[in-house]
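Good morning, and thank you for joining this group meeting. I would like to walk you through one structure, beginning with a pair of packed helices.

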Amino acid sequence: MSGSLTDSGALPVGGIAIAVTSSFVNGSTFVLQKKGMLRSRDRGGSYLRDIVWWSGTAAMIVGQIGNFLAYNMAPAVIVTPLGALGVLFGAVLASWILEERLNILGQLGCILCCCGSVVLIIHSPKSETVTSRLELEQQLLDPVCVIFALLVVVTLIALIVWIAPAHGSTNIMVYVSICSLLGSFTVPSSKGLGLAAQDVFSEDGHFNKQALTLFLFLLSTLAVSILIQFYFINQALEVFSSNVFEAIYYVTFTSTVILSSALLFKEWTCLTIADCFAMMCALSTVCVGVVLLRLSQETSLTWKQSQKKSD
């Protein structure tokens, strides 16, 4: 595939550049959609008729296209953590457009997200072990991958059918969990589509039925997952802060995507122990940064020392 990683060990600069750009675009998505909802609420109408909300939706589509390109030019363990830059951009936009507070804790959280992402890029794998449709098909039929997929599906059904209607509007982790678990399908499907597309047409111009079946399966999985994510993201934004949702969503989404990609694409097999340790520390750094962003919504800090009352 054009732009795929080679065995030379060089960083996939093109994939990283697209991933960074997509992160900034995705960072504006939640903010614009939230702004559109607030405008519609003030007017007493539906946000589906608000142009700002639709601009956020358009940003989401552009960001997903960018993610699709990035995932087919670089390992998922490089692309996914770069979403921390979207958290940074979203936090800044939210403080400006939505007037959501971003104090010193939030600013430190943004810095930690960026620093952690840089370390993840430096120590992430520079080559891929699944580079063809046949290898992808073998991995999809691997018992570990099948069991993992079934567990995710069962958990999603429980969350969507029973837990979300009862606790979704009061517990942000319900919507976050749904959207994050769906990432176990959206990212591998995006990456797998690029591998399957190469073999859809045979050399004589006819369809390769096996490759076409895999392509359509991955495309359907991607479309359904994105639509469900889209619905529950908007459900969450109606009742929770965009800053809070995006920050927590980033941590859980990144974790599930890295796990699913590790099981399916075996991207971790080419890492040394030192690289694995560095990546775990970097991911922990990013998670701490996101937690600080979350805490910044509920605390008020000042550099001034409080004055004690004299007796």
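Let me begin with helices H7 and H8, which are roughly antiparallel to each other, because the angle between them is over 145 degrees. Please bear in mind that we are looking at a predicted model. The angle at which H7 and H8 pack is about 155°, and their axes lie 10 Å apart. As for handedness, H7 and H8 form a left-handed crossing.

Which residues make this contact? On the H7 side, they include Phe-148, Val-152, Leu-156, Ile-160, Ile-163 and His-167. On the H8 side, Val-174, Tyr-175, Ile-178, Leu-181 and Phe-185 are among them. By class, the residues of the contact between H7 and H8 comprise 15 nonpolar, 4 polar and no charged.

I now turn to a second pair, H1 and H4, the latter spanning residues 84-97. These two helices pack at about 35°, with 7 Å between their axes. Is the crossing of H1 and H4 left-handed or right-handed? The crossing is right-handed. From H1, the residues that meet H4 include Val-20, Phe-24, Gly-27, Val-31 and Lys-35. Their counterparts in H4 include Leu-85, Phe-89, Gly-90, Leu-93 and Ile-97. The contact of H1 with H4 counts 8 nonpolar, 5 polar and 1 charged residues.

One further residue of H1 deserves a word, namely Ser-22. Its relative accessible area is 3%, and Ser-22 is therefore buried, the limit being under 20%. Leaving aside residues up to four places away in sequence, Ser-22 touches Gly-63, Gly-66 and Asn-67.

Let us now consider the nonpolar cores. The largest of them has 41 residues, and those with the most contacts inside it are Leu-156, Ile-172, Ile-178, Ile-233, Phe-245 and Tyr-249. Several helices give two or more residues to this core, among them H1 (13-43), H2 (51-71), H7 (143-167), H8 (172-197), H9 (209-239) and H10 (242-265). Which helix provides the largest share? That is H8, with 10 residues.

Not counting residues up to four places away in sequence, Ile-172 touches Phe-240, Val-244, Phe-245 and Ile-248. Apart from this, there is a second, separate core of 16 residues, which includes Ala-84, Ala-91, Leu-271 and Ala-282.

Thank you for your attention.

Notes: Residues numbered from 1 in each chain as written. Predicted model: local features only at pLDDT ≥ 70, side-chain atom pairs only at ≥ 80, totals over all residues. Heavy atoms only, no water. Core = buried A, V, L, I, M, F, W, Y, C linked by side-chain atoms within 4.5 Å. Buried < 20%, exposed > 50% of the residue type's maximum accessible area, 1.4 Å probe, protein only. Helix = DSSP H or I, 4+ residues; strand = E, 2+ residues; numbered from the N terminus. Contact = heavy atoms within 4.5 Å. Axes fitted to C-alpha atoms, helices over the stretch in contact; angles between N-to-C directions. Parallel < 35°, antiparallel > 145°, perpendicular 65-115°, else oblique. Left-handed = near helix turned anticlockwise from the far one by under 90°. Nonpolar A, V, L, I, M, F, W, Y, C, P; charged D, E, K, R; others polar.
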